[in-house]
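Please look through the structure shown here slowly, with the sequence beside it, before reading on. The paragraphs that follow begin with the whole chain and then turn to its details.

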Amino acid sequence: MNENNTNINWYPGHMAKAKREIEEKLKLVDIVYELIDARVPYSSKNPMIDDVLKNKPRLIIMTKCDMADEKENKKWEAYYNKKGLSVILVDSIDGYNVKKIVPLSKEILKEKIERDRLRGLKPRPIRSMIIGIPNVGKSTLLNKLVGKKVALVGNKPGVTKAQQWVRLNKDLDLLDTPGVLWPKFDEKKVAINLALSGAIRDEVLPIEEIGNYLLDYLKKYYKDDLAKAYGIDVSLDNYEICDEIMKKRGNIKSTDECFNLIIQDFRNCRIANITLDRL
Ligand code: G4P
């Protein structure tokens, strides 16, 4: 992180530890499900992961696609596809596309499956694991895949346990310990996007900074939605906009409360379905 953000609880040790833990588990699986948040498809993707996964077969799962901007979803999907990565957009709450994950995994691994068959190896379920930053939707997706509530086992120091597999169907097993990635936010924009999406605590950055950033972004990309949501003139500056909102809503008494309102409205998709990263 550049600038004055030493209050962010991050240090390189976190990253090294996460990397080591994922590398250990990687040996156990055939395919990795890399979860990224469709609302922040750049900011929620840890760039370190390419080094860790190397040539391991992988499926990028863009979670919360129901909350993000549909047009941008398509652009990001095409972008990662172009890089040679398989991508699927999912809504783990209503289940959109979740059933396609298993057939897609078989498709990605079809050469390996065929190789094993030719070598006379007995067929066994594909082994997979989920990785992603906090709050990206790892537990929610696992539960939807399994069709019932399964508690994910976190990485608790000092707790040794046998690796556990959750049977997804006769062809696919999932490691119940997700790889928790530390978000990488050495760009200011990324830190703000992660705070807005709920991946990092929002107290780590001043509300005024996050609020101003969001408002500027909305004015640029979601002007009409913003005007409609609050009944305001969006050509005003951010503080004038807050004054307007305060006049309209008696319960909002300060600029910070106003920024907070806009942030909560973003998180609850009350303004529009918004994607915060642009290609
Ligand atoms: P994690 O294991 O990666 O940490 O994430 P988790 O599954 O706990 O999901 C974090 C939040 O995101 C949960 O909301 C969950 O319901 C929501 N979520 C996950 N996947 C989807 C999706 O595809 N669509 C939508 N709309 N929501 C999704 P929560 O329990 O309300 O937590 P919070 O948002 O209050 O933190």
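**From the whole fold to single contacts**

When contacts in the protein between residues at least 6 apart in sequence are considered, 69% of them join residues at least 24 apart. This is a predicted model, and the values given here are to be read with that in mind. The protein contains 11 helices and seven strands, and of its 279 residues, 48% count as buried. Its accessible surface comes to about 14,500 Å², and 51% of that surface belongs to carbon and sulfur atoms.

We can now turn to the ligand and its surroundings. The ligand is surrounded by 14 residues, and the closest of them are Asp66, Ser92, Lys138, Ser139 and Thr140. When the residues of this shell are sorted by kind, they divide into five nonpolar, five polar and four charged.

A polar backbone atom of Gly137 is 3.0 Å from an oxygen atom of the ligand, while for Lys138 it is a backbone N or O atom that lies 2.8 Å from an oxygen atom of the ligand. In the case of Ser139, a polar side-chain atom is found 2.8 Å from a ligand oxygen atom. Taken alone, the ligand exposes 710 Å², and the protein buries 60% of that area.

Ser92, which is among the residues closest to the ligand, deserves a separate look. Where in the chain does Ser92 lie? Ser92 belongs to the loop between β3, residues 86-89, and α4, residues 101-108. Because its relative accessibility is 9%, and buried means under 20%, Ser92 counts as buried. Leaving aside residues up to four places away in sequence, Ser92 touches Val98, Thr140, Leu141 and Lys144; Thr140, one of these partners, is also listed with the residues closest to the ligand.

The last part of this walk concerns charged side chains. Side chains of opposite charge can pair when their charged atoms come close. A search of the whole structure finds 20 salt bridges, and one that can be traced in the model is formed by Lys106 and Asp171, whose closest N and O atoms are 2.7 Å apart. Because Lys106 lies in helix α4 and Asp171 in the loop between β5 (165-169) and β6 (172-175), the pair ties together parts that are 65 residues apart in sequence. Lys106 is partly exposed, with a relative accessible area of 30%, and Asp171 is partly exposed as well, with a relative accessible area of 24%.

Asp171 also forms a salt bridge with Lys170, and here the closest N and O atoms are 3.3 Å apart. Lys170 is exposed, its relative accessible area being 65%.

A further salt bridge joins Lys247 and Glu244, with the closest N and O atoms 3.3 Å apart. Why are Lys247 and Glu244 separated by about one helical turn? They are three residues apart in helix α10, which spans residues 238-248, and therefore about one helical turn separates them. Lys247 is exposed, with a relative accessible area of 66%, whereas Glu244, at 26% relative accessibility, counts as partly exposed. Elsewhere, salt bridges that share partners join Asp30, Lys112, Asp116, Arg119 and Arg124 into one network.

Methods: Residues are numbered from 1 along each chain as its sequence is written. This is a predicted model: local features need pLDDT of at least 70, side-chain atom pairs count only at pLDDT 80 or more; totals for chains, interfaces and linings use all residues. Side-chain values use heavy atoms; hydrogens and water are left out. Helices (H or I, at least four residues) and strands (E, at least two) are DSSP runs, numbered from the N terminus. Buried means under 20% relative accessible area, exposed over 50%, partly exposed in between (1.4 Å probe, protein chains only). Contact means heavy atoms within 4.5 Å. A residue is near a molecule or strand if one of its heavy atoms lies within 4 Å of it. A polar contact is a pair of N or O atoms within 3.5 Å; within protein, one must be able to donate a hydrogen and the other to accept it, and residues adjacent in sequence count only if both atoms are side-chain atoms. Accessible areas come from the Shrake-Rupley method with a 1.4 Å probe; for residues, only the protein chains shown count as cover. Ala, Val, Leu, Ile, Met, Phe, Trp, Tyr, Cys and Pro count as nonpolar, Asp, Glu, Lys and Arg as charged, and the others, Gly among them, as polar. A salt bridge is a side-chain nitrogen of Lys or Arg within 4 Å of a carboxyl oxygen of Asp or Glu.
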